[in-house]
Amino acid sequence: MVDMLGFISDQLDQLGIPYEFGEWTGEISYPYFVGSFNETEHRLEDGYTGGGVSLDGWSRGSKLPLAEINDKLKKVFEDLRAVQEGTAFFITYWNGLMIPTGEEDLFRITITLNTNEWKGA
């Protein structure tokens with residue numbers, strides 16, 4: 001799981017998307033994203049684990065930056081396969097959902113990625 005989360009973080013960094021896992025600890029600058037992980041499959045004999053990564057994005061003043069980032073992530077994670085240090089990843093875009101915040105100029109999106117990971121022996 002840690003390798004896969006690091007891989008996703010690297011992908012977001014390459015796209016210039018401000019991101020932290022767990023909680024945002026830096027100075028607030030919009031938009032920014034915070035990730036969480038939900039493991040849905042237990043490790044199987046072939047080294048497989050799966051789950052979902054949720055990326056919660058926040059923006060002020062406009063929904064447009066969140067929609068643009070959603071489009072970028074949809075393209076990058078459409079069918080992303082990679083092998084890194086003996087671990088294979090298959091990550092796909094699942095969905096993006098705009099969520100009302102109750103504040104007039106604060107916007108939120110949750111983007112979900114399906115994750116599949118196989119660890120080598």
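User: In which loop does Glu85 lie?

Analyst: Glu85 lies in the loop that runs between strand 4 and strand 5, where strands (E, at least two residues) and helices (H or I, at least four residues) are DSSP runs numbered from the N terminus. This is a predicted model, in which local features need pLDDT of at least 70 and side-chain atom pairs count only at pLDDT 80 or more, while totals for chains, interfaces and linings use all residues. Residues are numbered from 1 along each chain as its sequence is written, and side-chain values use heavy atoms, with hydrogens and water left out.

User: How should I read the backbone there, and is Glu85 buried or exposed?

Analyst: Most residues other than glycine have a negative phi, and most peptide bonds are trans. Glu85, although it is not a glycine, has a positive phi of about 50 degrees. Glu85 is exposed, with a relative accessible area of 81%; buried means under 20%, exposed over 50%, and partly exposed in between, using a 1.4 Å probe and protein chains only.

User: Which residues does a cis peptide bond join?

Analyst: Tyr30 and Pro31 are joined by a cis peptide bond, with omega at about -10 degrees, and Pro31 has its place in the loop between strand 1 (19-21) and strand 2 (32-41).

User: How do I tell which way a helix faces, and which residues of helix 2 are buried?

Analyst: An α-helix has 3.6 residues a turn, so residues three or four places apart point the same way. In helix 2 (residues 64-76), the buried residues are Leu66, Ile69, Asn70 and Leu73. They cover an arc of only 105 degrees around the axis, which puts them on the same side of helix 2; the arc is taken from the directions that lead from the helix axis to the C-beta atoms. The face turned away from that buried side carries the exposed residues Leu64 and Lys75.

User: What does the side chain of Asn70 make a polar contact with?

Analyst: Asn70 is buried, with a relative accessible area of 10%, and its side chain makes a polar contact of 2.8 Å with the side chain of Tyr93. Such a contact is a pair of N or O atoms within 3.5 Å, where, within protein, one must be able to donate a hydrogen and the other to accept it, and residues adjacent in sequence count only if both atoms are side-chain atoms.

User: Which residues have the most contacts inside the largest nonpolar core?

Analyst: In soluble globular proteins, nonpolar side chains tend to be buried together. The largest nonpolar core here has 23 residues, and Phe33, Leu55 and Leu113 have the most contacts inside it; such a core is a set of buried Ala, Val, Leu, Ile, Met, Phe, Trp, Tyr and Cys residues joined through side-chain atoms within 4.5 Å. Among the elements that give two or more residues to this core are helix 1 (2-14), strand 3 (48-60) and strand 6 (106-119), and helix 1 gives the most, with five residues.

User: How many bridges pair strand 3 with strand 6?

Analyst: Strand 3 and strand 6 pair in the antiparallel sense over 13 bridges, pairing being assigned when DSSP finds at least two bridges between strands. Tyr48, for instance, has Trp118 of strand 6 as its bridge partner. Strand 5 and strand 6 are also antiparallel, over 12 bridges, with Leu97 standing opposite Thr110 in strand 6. Strand 6 is mostly covered, 10 of its 14 residues being buried.
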